[in-house]
Each structure stands twice: as C-alpha cells, then as structure tokens.
Amino acid sequence: MAGTGTSPLNRAEQFIWLTARVLEQRRFAHHFLEGGADAVETALAAYLNEDGGYGHGLEPDLRGPVSQPLHTAHALNVLDSIGRCDGLRVERICRFLTEVSTKEGALPALLPTQRGYPAAPFIPIVDHPPAELLTTGPVVGLLHRNAVWHAWLFRATDFCWAAVEALERSHPYEIEAALAFLDGAPDRARAEVAADRLGRLVRDQRLVVLDPQRRAEYPVAAGYAPGEQHFPYDYVRTPDSLARRWFTDEELSLSLDHLAAEQQADGGWPVTWRQWAPGTALEGRPLVTLRALLTLRAHGRSLG
C-alpha cells in the first residue's frame, strides 16, 4: 500500500502516483520502494525507436515520435540510474549518436527532424544545428563513468575538452553540462584543473544563488524564466562531484535546506523553467521531484 504519512517521502510518493508517467512511477519505485530495474527498463523501452534513439516526448519539452539527442541523453541517464548502462543497449545508442553527430563528432541539441512536431519555443529548430556542449557533455561524461568504450567517444571527448577549456562566459545549464563531462572524464588531473577554473567562473559571474534568503539579489541568466536560478545543489548533485569544492559546507547546507523547503503542498517540487504547454509542465514536475529526492538522499538528508 502506498505510504500515507506526512513525511517528505510519503508526500512525494502520493504526488508521483497521482501525476507521474509510468516511467517516473517505476523509477520512484526502484529508488525508494525496492522496485526492480527490469520494470524501469521496460517502461523506458516504450520511447525507443528503430534507429536506436529515443523520442515520443521522453524529454517533455520535445513532443512527437522522432529520435532526438536530448531524448537519448535522458534515456542514458535512466539506464545509468538503474545500473544498466552497458552491453547491446548502449552499443545501439552509440550507433545512433554516431549517425546524428556533426562534423566535429559531437551532438547538436535538436535535429531538424523535429520540424512539424511541437517543441518548446526556447529550443530553436534549424537546418544545420551546431554541436553543443550542453548536449554532448553529459552523454560523454556518463559513458566514461560507466567505462563504455566506443569509437564515437574519441572525437566527442576531444570536442568536450576544447569546449570546456574555452568557456569564458556561460550560463548555469552549460556549466552543469561541462561539470557532467568533467565528473566522468578519464583524465582526472586535467578534469580537476578545469573544474577549479569553472568554479571560479561560477562565483565570479554569479551563476549560483549562495544565500537563498537573498535570492532576489542574484541575476537570472539571459533567456531564462523569472526565478529560474541555480543553487549549489544544482551543481553538487552528489558529494563526490568535482563541484563540491566550489562551495563551503555552510553554502551547500543552506541550499539543501532551501531544496527541502521547496516541496509543495501536493508533495511535488516545482518546475522553474519556462512552462509553455500544460502537458509538459505536468510531466516535468515528477522529474523534478525525483531529482530533488535523490539529491537530498545523496547528501544524507532524512526523507522520513
């Protein structure tokens, strides 16, 4: 029987059963209710296309059936979270990544095949999309962290190193992507040097709210929604991230207090990015809720 208590976890569970897609329900059950990984993978398979990529609205801000790098990156994250980022399933994904990469060997954010299907207005559809660190970094870092070796990774890794080390002005989501790459990059010494530089950049450019009580004093990045700000926990999702050294114990603790307090009356956490369609906002909240719960647990916060 579903939990009916008033702890943060009980309240989140009720929210998940009430609002989430089957995939997020299965993921919640796996992470918090001792549910099996097979059920998660079965739910994820509904989004898989014959070309080895994923589509069908897996990433809520992109609708329609066509495979996209962002959907496929999302699928890899799910597989990683259940310990299934290996074997033929990942070989198939890497073949798709190879086929859709730019001449640099890296991933664009959105393929022009999306044209004709609904998509968030802040993700432009162009005929010849450029390679993006935002898309490529998390995928490359995740594959390296899982000791996946595929020919696609060689040029994609070189692209990520060049992009990360060239960053001068940035925004929070790009920093998250760079960090995801660095946290998985095999060259740990080089990754530590690059991460230290990014940490200084984040603080110098005020890309993080260090004091939630003074949130209004921190700028919102250009193109972001009002209130779409990042906090230390957004960069330090787990204590072993290279970003942990960017923040003092007090700064991280204050941000985790803020994250815990953001749980809404219905048990879910709010979406902060721009909401452009009712369905995408509804599907986004369970994803944000799962991420909040996993972050709090990773840092040893009690969920009751």
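Which residues does arginine 285 touch, not counting residues up to four places away in sequence? The list is Phe15, Gln264, Asp266, Gly268, Trp269, Pro270 and Val271. Keep in mind that this is a predicted model.

- Arginine 285 lies in helix H12, which covers residues 278–298.
- Its relative accessibility is 19%, so arginine 285 makes it into the buried class, where the cut-off is under 20%.
- Aspartate 266 is one of the residues touched by arginine 285, and the two side chains make a polar contact at 2.7 Å.
- Phe15 is another residue on the contact list of arginine 285, and Phe15 is also among the buried residues of helix H1.

- Helix H1 takes in residues 8–19, twelve in total, and reaches 16 Å from its first C-alpha to its last, close to the 16 Å expected at 1.5 Å a residue.
- On H1, the buried residues are Leu9, Asn10, Ala12, Glu13, Phe15 and Ile16.
- The cover over those buried residues includes H12 and helix H2 (22–32).
- Arginine 21 sits in the loop between H1 and H2, and at 12% relative accessibility arginine 21 counts as buried.
- The side chain of arginine 21 gets to the backbone oxygen of glycine 57, at 2.8 Å.
- Setting aside neighbours within four places in sequence, arginine 21 is in contact with Tyr47, Gly57, Leu58, Pro60, Glu283 and Leu287.

**Helix H6**

- Helix H6 runs over residues 133–145, which makes 13 residues.
- From first C-alpha to last, H6 reaches 17 Å, close to the 18 Å expected at 1.5 Å a residue.
- Why is H6 described as largely enclosed by the rest of the structure? Because ten of its 13 residues are buried.
- Those buried residues are Leu133, Thr135, Thr136, Gly137, Val139, Val140, Gly141, Leu142, Leu143 and His144.
- The residues covering them include parts of helix H4 (69–81), helix H5 (87–100), helix H7 (151–166) and helix H8 (172–184).
- Just after H6, alanine 147 takes a positive phi of about 55 degrees.

**Cysteines**

- How many disulfides does the structure hold? The count is zero.
- For cysteine 85, the closest cysteine sulfur is that of cysteine 94, and at 8.1 Å it is too far for a bond; the disulfide cut-off is 2.5 Å.
- Cysteine 85 is buried, with a relative accessible area of 3%, and cysteine 94 counts as buried at 0%.

**Isoleucine 175**

- Isoleucine 175 is found in helix H8 and is buried, with a relative accessible area of 0%.
- Neighbours within four places aside, isoleucine 175 is in contact with Leu167, Ser170, Leu198, Leu201, Val202, Leu207, Tyr235 and Trp246.
- Isoleucine 175 and aspartate 51 are 124 residues apart in sequence, and 30 Å apart in space, C-alpha to C-alpha.

**Aromatic rings and charges over them**

- Searching the whole structure turns up eight aromatic pairs.
- In one of them, tryptophan 161 and phenylalanine 181, the ring centres are 5.0 Å apart and the planes are at 80 degrees, so the pair is edge-to-face.
- That pair links distant parts of the chain, with tryptophan 161 in helix H7 and phenylalanine 181 in helix H8, 20 residues apart.
- Tryptophan 161 counts as buried at 6% relative accessibility, and so does phenylalanine 181 at 0%.
- Tryptophan 246 and phenylalanine 247 also form an edge-to-face pair, 6.2 Å centre to centre with 65 degrees between the planes.
- Both tryptophan 246 and phenylalanine 247 are buried, and together with Tyr235 they form one aromatic cluster.
- Tyr235 and Trp246 from that cluster are also among the contacts of isoleucine 175.
- Arginine 190 has its charged end over the ring of tryptophan 161, 4.2 Å from its centre.
- Arginine 206 lies over the face of tyrosine 218, with 4.7 Å to the ring centre.

Terms used. Residues numbered from 1 in each chain as written. Predicted model: local features only at pLDDT ≥ 70, side-chain atom pairs only at ≥ 80, totals over all residues. Heavy atoms only, no water. Buried < 20%, exposed > 50% of the residue type's maximum accessible area, 1.4 Å probe, protein only. Helix = DSSP H or I, 4+ residues; strand = E, 2+ residues; numbered from the N terminus. Expected span 1.5 Å × (residues − 1). Contact = heavy atoms within 4.5 Å. Phe/Tyr/Trp six-rings, centres within 6.5 Å; stacked < 30°, edge-to-face > 60°. Lys NZ or Arg CZ within 6 Å of the ring centre and 35° of its normal. Polar contact = N/O pair within 3.5 Å; in protein donor to acceptor, adjacent residues only side chain to side chain.
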